[in-house]
Amino acid sequence: MDNKTYEYVEDRSMTIQQYINNIFKWMIIGVLTTFVTAFALEKSSFMSYAGMLMLMFIFMFILIIFQFAVVIGLSRRLMTMKPITAKVLYMIYSVITGVTFSYVIASYTSFSVALAFLVAAIYFGVLVVLGTVIKMDLTRIGTICLAGLFVYIIFSVIVMIFHLGVGTLIMPLISLALFAGITAYDMQKSLQLYNYASSNPEMLEKLSIYGAFNLYLDFVNIFLDILQLLGDNK
């Protein structure tokens, strides 16, 4: 008679469907956190008082610097940080973005913001589907679009400083075209990263946060571009 005992080992691996669901779950949580924060501040007395003080500009500058720090931290330290650290940084970033968003939303009517959000969601959804189903490697397209985005940011700063007469429709349209490639590429890259870490549940959890963060950034920028195109100022 065989007296061996067999220990049951639970399979803790994450399927690709669970991985994708995790990405979109955290992406949606981040977006909702940003917009709830933005609308809460926009409706509060924070805007009326802080908006009249010079300290507001200093505060905004500090927030923007901190946002960049979070982006760099997630990008460079992802491999060594714990999943909970990645989640905390992501949520902090979402809240801070909501603070900066409160000033943007305050400039537009509620209907414009709602319409821009709906159009952005549809546009973003189509791009995510394309990034999922397209078999062609989008790495080259994504790299070109990222390089184009860098040039676009520099040009936008020049336009703002020197008040160049660039049409208000041209800039957001260019940005939307760039983020079309970037969003599809980010989605495809997230799927490819699953294959590299499919046997490491902890890494997959961190990669799902990283993927959610990239898609969150894509959606936020798409929303801002569409708001600039469709929005009515108060």
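User: If Ala, Val, Leu, Ile, Met, Phe, Trp, Tyr, Cys and Pro count as nonpolar, Asp, Glu, Lys and Arg as charged, and the others, Gly among them, as polar, how do the residues lining the second largest pocket divide?

Analyst: This is a predicted model, in which local features need pLDDT of at least 70 and side-chain atom pairs 80 or more, while totals for chains, interfaces and linings use all residues. Numbering runs from 1 along each chain as its sequence is written, and side-chain values use heavy atoms, without hydrogens and water. Phe24, Met27, Ile28, Val31, Leu32, Phe117, Ala121, Phe124 and Phe219 line this pocket (an open set of 1 Å grid points with protein on both sides within 12 Å along at least five of seven lines, lining residues having an atom within 4 Å of a point). They divide into nine nonpolar, no polar and no charged.

User: Which residue forms a salt bridge with glutamate 205?

Analyst: A salt bridge needs a side-chain nitrogen of Lys or Arg within 4 Å of a carboxyl oxygen of Asp or Glu. Here the closest N and O atoms are 2.6 Å apart, and the pair links helix H8 with helix H4, its members standing 118 residues apart (helices being DSSP H or I runs of at least four residues). The partner of glutamate 205 is lysine 87.

User: Is aspartate 186 buried or exposed?

Analyst: Aspartate 186 and lysine 189, both in helix H7, form a salt bridge with the closest N and O atoms 3.8 Å apart. Buried means under 20% relative accessible area, exposed over 50%, partly exposed in between (1.4 Å probe, protein chains only). Because its relative accessible area is 6%, aspartate 186 is buried.

Notes:
1 Å grid on protein atoms, 1.4 Å probe; cavity = no way out; pocket = protein on both sides within 12 Å on 5 of 7 lines; lining within 4 Å. Nonpolar A, V, L, I, M, F, W, Y, C, P; charged D, E, K, R; others polar. Helix = DSSP H or I, 4+ residues; strand = E, 2+ residues; numbered from the N terminus.
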